[in-house]
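Please read the following points with the coordinates open.

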Amino acid sequence: MPRAEQKIRTRSRLVEAAGRLFLSHGIDGVSLDAVAEAAGFSKGAVYANFTGKEDLLLAIWREHFAAKRLRLADAVTGADEATAVLRAIHGAMATFFAAGPWALLQAEVRRRSADWPRLADELAALEAEELTEMNALVAGFLQRFAAPPGPDPAEMTQTLAALFDGLVLRAAVAPVDPERLADRFMSVVVALSGLDRPAAGAPR
């Protein structure tokens, strides 16, 4: 295997293993030795790819945000009928809810931002980028399917982002089936967009 490809695979395995461990045990509960062992490498492989735990967390967040945005974009743009789009979004949300308490880990990262300014700055930039992209997706969805007058896309995006984090945090305390969480999330999507009103939901 070419060295460059091997390095990419090694890095990917380290990020995937670290993500699982951080979700299960929190930031302080995971050592770089544990990450290396879970990925099947020596600790030297971690330092060959990352400067430390902060750099590893940044890589995890970049991949997490990128994967979430891509999945939602596919769900919103991948069908022509409102019902099909809603089903696709529901499936994406159920997958997110089943993936682990990312919102809980994100809250932990925010608490640690005073000690890790670079991590705080990067997380804020990633969240802002995600909200911008989500706002564009929401605006496109409303333009295609919502009955006028529709809600403000930016306000709807902010509300849905807060709802998502809140559902994940509550589920971390009292586990709830991901499908039920997706049902709750989608009920708000439908209500905010006005798709539950008569004659709504037909593409314009």
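1. Rings of Phe, Tyr and Trp (its six-membered ring) are taken to pair if their centres lie within 6.5 Å, and a pair is stacked with planes under 30 degrees apart, edge-to-face over 60 and tilted for the rest. On that basis, a search of the whole structure finds five aromatic pairs. One of them joins Trp61 and Phe65, a tilted pair with 6.0 Å from centre to centre and 40 degrees between the planes.

2. The model is a predicted one, in which local features need pLDDT of at least 70 and side-chain atom pairs count only at pLDDT 80 or more, while totals for chains, interfaces and linings use all residues. Residues are numbered from 1 along each chain as its sequence is written, and side-chain values use heavy atoms, with hydrogens and water left out.

3. Trp61 and Phe65 lie four residues apart in helix α4 (residues 53-77), so about one helical turn separates them; helices here are DSSP runs (H or I, at least four residues), numbered from the N terminus. Trp61 is buried at 1% relative accessibility, the term meaning under 20% relative accessible area with a 1.4 Å probe and protein chains only, and Phe65 is likewise buried, at 1%. Together with Trp102, Trp61 and Phe65 form one aromatic cluster.

4. Helix α5 (residues 82-98) packs with helix α8 (residues 153-173) at an angle of about 40 degrees, their axes being 10 Å apart, where axes are lines fitted to C-alpha atoms over the stretch in contact and angles run from 0 to 180 degrees between N-to-C directions. In this contact (heavy atoms within 4.5 Å), Met93, Phe96 and Phe97 of α5 meet Phe164, Leu167 and Val168 of α8.

Key
Helices (H or I, at least four residues) and strands (E, at least two) are DSSP runs, numbered from the N terminus. Buried means under 20% relative accessible area, exposed over 50%, partly exposed in between (1.4 Å probe, protein chains only).
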